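Student: Could you take me through a close look at the interface between the two chains here? I'd like one connected account of that part.

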Amino acid sequence: MTTDSSPPQLNADAFTLRRRPPSEKLVDTGFRQLSLALASVVAVVLLGIFLVVFTGAREAIATFGLSFITTSAWDPVNESYGAFVAIYGTLVTSLLSLLIAVPLGVGTAILITEDVLPKLVRDATGLMVELLAAIPSVVLGLWAIFVMEPTIRPALDLLHSLLGWTPLFNTIPKGPGMAPAILILVVMILPIITAISRDALNQVPEELRQGAYGVGTTRWGAIFSVILPAAVSAITGGVMLALGRAMGETMAVTMIIGNSNNFSTSLLAPGNTIASMLANQFGEADGIQVSALMYAALILMVLTLVVNIFAKWIVRRLSLRY
Amino acid sequence: MTLTNPAPMPAQDVCMSLQDVTISYGKFEAVKNVFMDIPKGQVTAFIGPSGCGKSTVLRGLNRMNDLIPGCSLRGRVVFDGTDIYAPNVDPVEVRRRIGMVFQKPNPFPKTIYENIAFGARINGYKGDMDELVERSLRKAAVWDECKDKLKESGLALSGGQQQRLCIARAIATEPEVILMDEPCSALDPISTLKIEETMHELKRSYTIIIVTHNMQQAVRVADMTAFYNAEAVEGGTGKVGYLVEFAETERIFNAPSQQATQDYVTGRFG
């Protein structure tokens, strides 16, 4: 309590910036314009790429039309092109790799975020997943050719001998093919799924977790009935991003998929993806073949764009308020 | 200074008995040497300044502290003849018999109906679920607000309604004891009043233990009141909580036997 009886003295003159000078306001405006300019660079680059690819593809679009998507001829001699095998390969490899990587990645994320194991083990696991993301894809491709594929060959042989009567496994595994490409894609998208799922699970409010235990749930009950449903929107978004990544992945896939344009339903046979086809043929292509490759590139861009828009939509649909 | 005051208990059934309970976070003791016999079928309030360990003790009563890494409890917490910290006791079973309402309303991201049905289902409820949902919501005085939107998300309710939904969720599993950790601290006075009315209703069937910072609330709802305080210890870094006095609410607020209690309930601190 103050014992001073005189009224407190206002000391407004001591604050010199009650009125902001024009120069400072100018800085504000300038900063806003600068941010706008920097942000629009991204948009301009994106638009530019789209325009270039589209212009390049125009000749092929005019020549082949939509039958480009449904035919699988790739014949430079007769100048007849169709990207069906590559589109099919892109979709099959990315979707199947997702099918394997989602349970693995979400499972790893649960393990890292829940206190099932000692903290040291969890931290080490998290670190290893992050390091996995740091391996260049060409290194993974080499590893796939020289280590992984020979190692899993017996398993693929077994699949062929047991399930050879189904269309999915009716060719003899001879080396590069769709199956090893799918597995290498799993390795490549696992970190993204794990990292995003881990962040999503970490963001589930602690109160929700406690509420679940408070009504007497077991750990399983809490994870599967409360924590995962609360995190599902962000996890789905991450899965969609991973799908986009898997569709566009080039180097490792090119090295292990076999680059064959002959259509086969068998996962053990060599195949092609749009990305690997582009990487393989750009060097020696000319004339309408370049245009056909541009057309394939355009299709790939549209596919990834659709996936990303779908991801945003799903995240918005599923997201919850807390 | 007297550490604990063995409360002269009237002849009553004891619901939970704390016997020399000390709870620590790592090496740091949060609250120590608590003895108390919490009576059955009554409302018991824990009051005291921040950091005195009253919430910690409350969470120790249904083993919620197990979820905090490094938190450990010494002593015995006897409920229904067994020490709930005995090695062969499953904490999940303890929590099914001793429910909890938290400080912040935390409905599950599910429909209102599912919020209630979830707990009942995992407790193996075999009866009529619709009826249980309605009964629980009615008991928690939130049925009128919810009855037309049982299929909507529990998160769509207002804060006060969410908290009563959480009370309904706790009631639905028909626990023997309901622990409430400052259930009204995030609510406006009207919602608070409704929840207090709910508590009066509930103590006919349940034992309620509530932590509150609001002394008027303790006076309004509690039959028994425990006053906790914290004191600095020699050589320690923080303060350690302890139970000062535990008696009928009347006595705590009008004729406490400890000077510290007198100072706290009349608003004179330190």
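Tutor: Let's start with a term: a polar contact is a pair of N or O atoms within 3.5 Å, and within protein one of them must be able to donate a hydrogen and the other to accept it. Keep in mind that this is a predicted model. By that rule, six residue pairs are in polar contact across the interface of chain B and chain A, both residues at pLDDT 80 or more. On the side of chain B that touches chain A, the elements giving two or more residues are helix 2 (91-97), strand 6 (98-101) and helix 3 (112-122) of chain B. That side of chain B splits into 13 nonpolar, five polar and six charged residues.

Now for charge pairing: the rule finds one salt bridge across the interface of chain B and chain A. There the side chains of B:Lys104 and A:Glu207 come together, at 3.4 Å from N to O.

And the extent of it all? Chain B puts 24 residues into the contact, and chain A puts in 17 residues. Between them, chain B and chain A bury about 1,800 Å², with carbon and sulfur atoms giving 66% of that area. In chain B, the residues that lose the most area to chain A are B:Leu67, B:Pro109 and B:Leu155, which together make up 27% of what that side buries.

B:Cys52, for one, is in no disulfide, and the nearest cysteine sulfur, that of B:Cys71, is 15 Å away.

Terms used: Residues numbered from 1 in each chain as written. Chains lettered and ligands numbered in written order. Predicted model: local features only at pLDDT ≥ 70, side-chain atom pairs only at ≥ 80, totals over all residues. Heavy atoms only, no water. Contact = heavy atoms within 4.5 Å. Buried area = accessible area lost by both parts, 1.4 Å probe. Salt bridge = Lys/Arg side-chain N within 4 Å of Asp/Glu carboxyl O. Polar contact = N/O pair within 3.5 Å; in protein donor to acceptor, adjacent residues only side chain to side chain. Helix = DSSP H or I, 4+ residues; strand = E, 2+ residues; numbered from the N terminus. Nonpolar A, V, L, I, M, F, W, Y, C, P; charged D, E, K, R; others polar. Disulfide = S-S within 2.5 Å.
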